[in-house]
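Please look over the sequence and the model shown below before reading on. The report that follows takes up surface, cover, an annotated span and aromatic rings in turn.

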Amino acid sequence: MWRIGATGFCFGVFGLGGLVILCVLLPLLQLLPGRTRRRQAAKNTLHYGMRLFSGLMALVGVISYEVRGAEKLRRNGLFVLANHPSLIDVVLLMSLVRRPDCVVKAALWDNPFTCGPVRFAGFISNAGGPAVVDDCVASVRAGNNLIVFPEGTRSVPGQPLNLQRGAANIAVRGPLAITPVSISVSEPMLTKGSKWYRVPQRKPHFILTVHDDVHPDQLFDQEPALAARRLTDWLTQFFTRS
């Protein structure tokens with residue numbers, strides 16, 4: 001019961017933070033000169049906010065976590081691909097990279113608790129169709145650190161990974177080097193379809209392992225569509241083994 005209360009408290013803090021961003025930080029951000037400078041400041045603000053929130057979750061005992069190879073994320077212009085076992089994944093990853101960028105569901109642009117951070121940082125909507133690939137490549141080229149979950153949604157515990165081809169298309173058509181991050185958790189938490197109050201019996205421990213960069217253009221030299229298909233298969237095997 002104590003951890004249910006602590007989890008609810010963290011959700012409340014997250015929602016309140018989203019409203020503060022929408023009502024306070026967004027207007028203040030408009031005072032900065034230049035759109036690029038405003039966007040960079042917004043992304044870094046979210047980065048530090050997620051660091052604080054991750055620390056809060058650990059402090060109150062909702063989760064614990066460790067990062068292996070964190071120094072590989074201390075660069076700009078990364079294309080980070082990760083598996084997606086929990087809702088917490090994006091929070092932890094954004095806390096580790098400066099100037100984070102994400103591809104998010106279009107519905108988050110209208111949610112009162114998430115539209116603030118999403119609009120604040122200028123994240124990429126998945127409703128953009130084919131232009132999403134160009135937007136993603138441009139974001140990385142501009143020095144942002146783009147975080148993408150190739151599955152497109154959270155994994156289903158006990159089921160094989162089902163990666164979509166979008167992430168591979170971005171990497172191949174960039175072309176962009178991939179920084180893979182494998183995420184494991186000791187206890188299922190906030191998995192696909194689960195309720196926030198269904199907390200596990202023991203405190204979940206997250207392990208994020210940052211691997212060396214992968215260069216798709218060195219692995220596959222076929223035409224883009226075939227290369228993206230082969231890269232998707234390669235990533236599926238990689239994250240299944242990791």
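## Terms and basis

A residue is called buried at under 20% relative accessible area, exposed at over 50%, and partly exposed in between, with a 1.4 Å probe and protein chains only. This is a predicted model, in which local features need pLDDT of at least 70 and side-chain atom pairs count only at pLDDT 80 or more, while totals for chains, interfaces and linings use all residues. Residues are numbered from 1 along each chain as its sequence is written, and side-chain values use heavy atoms, with hydrogens and water left out.

## A nonpolar surface patch

Leu16 has a relative accessible area of 54% and is therefore exposed; this residue lies in helix H1, which covers residues 2-29 (helices are DSSP runs of H or I with at least four residues, strands are runs of E with at least two, and both are numbered from the N terminus). Together with Val20, Val24, Leu28 and Leu31, Leu16 forms a nonpolar patch on the surface, with about 480 Å² of accessible area in total.

Such a patch is made of residues with over 30% relative accessible area and no salt bridge, nonpolar side chains being joined within 5 Å and like charges within 9 Å. A salt bridge is a side-chain nitrogen of Lys or Arg within 4 Å of a carboxyl oxygen of Asp or Glu, and the areas come from the Shrake-Rupley method with a 1.4 Å probe.

## A covered helix and an annotated span

Helix H3, residues 89-96, is mostly covered, as six of its eight residues are buried; these are Asp89, Val91, Leu92, Leu93, Met94 and Ser95.

An unreviewed UniProt entry carries the annotation "domain: Phospholipid/glycerol acyltransferase" for residues 78-186, and such annotations may be inferred rather than shown by experiment. The span is 31% helix and 20% strand, and its end C-alpha atoms lie 27 Å apart.

## Aromatic rings

The structure holds five aromatic pairs (ring centres within 6.5 Å, using the six-membered ring of Trp; planes under 30 degrees apart are stacked, over 60 edge-to-face, the rest tilted). Trp234 and Phe238 form a stacked pair, at 5.3 Å centre to centre and 15 degrees between the planes. These two residues are separated by about one helical turn because they stand four residues apart in helix H8, residues 224-241.

Trp234 is partly exposed at 26% relative accessible area, whereas Phe238 counts as buried at 12%. The rings of Phe238 and Phe239 have centres 5.4 Å apart and planes at 85 degrees, so this pair is edge-to-face. Phe239 counts as buried too, at 5% relative accessibility. Elsewhere, Phe11, Trp196 and Tyr197 form one aromatic cluster.
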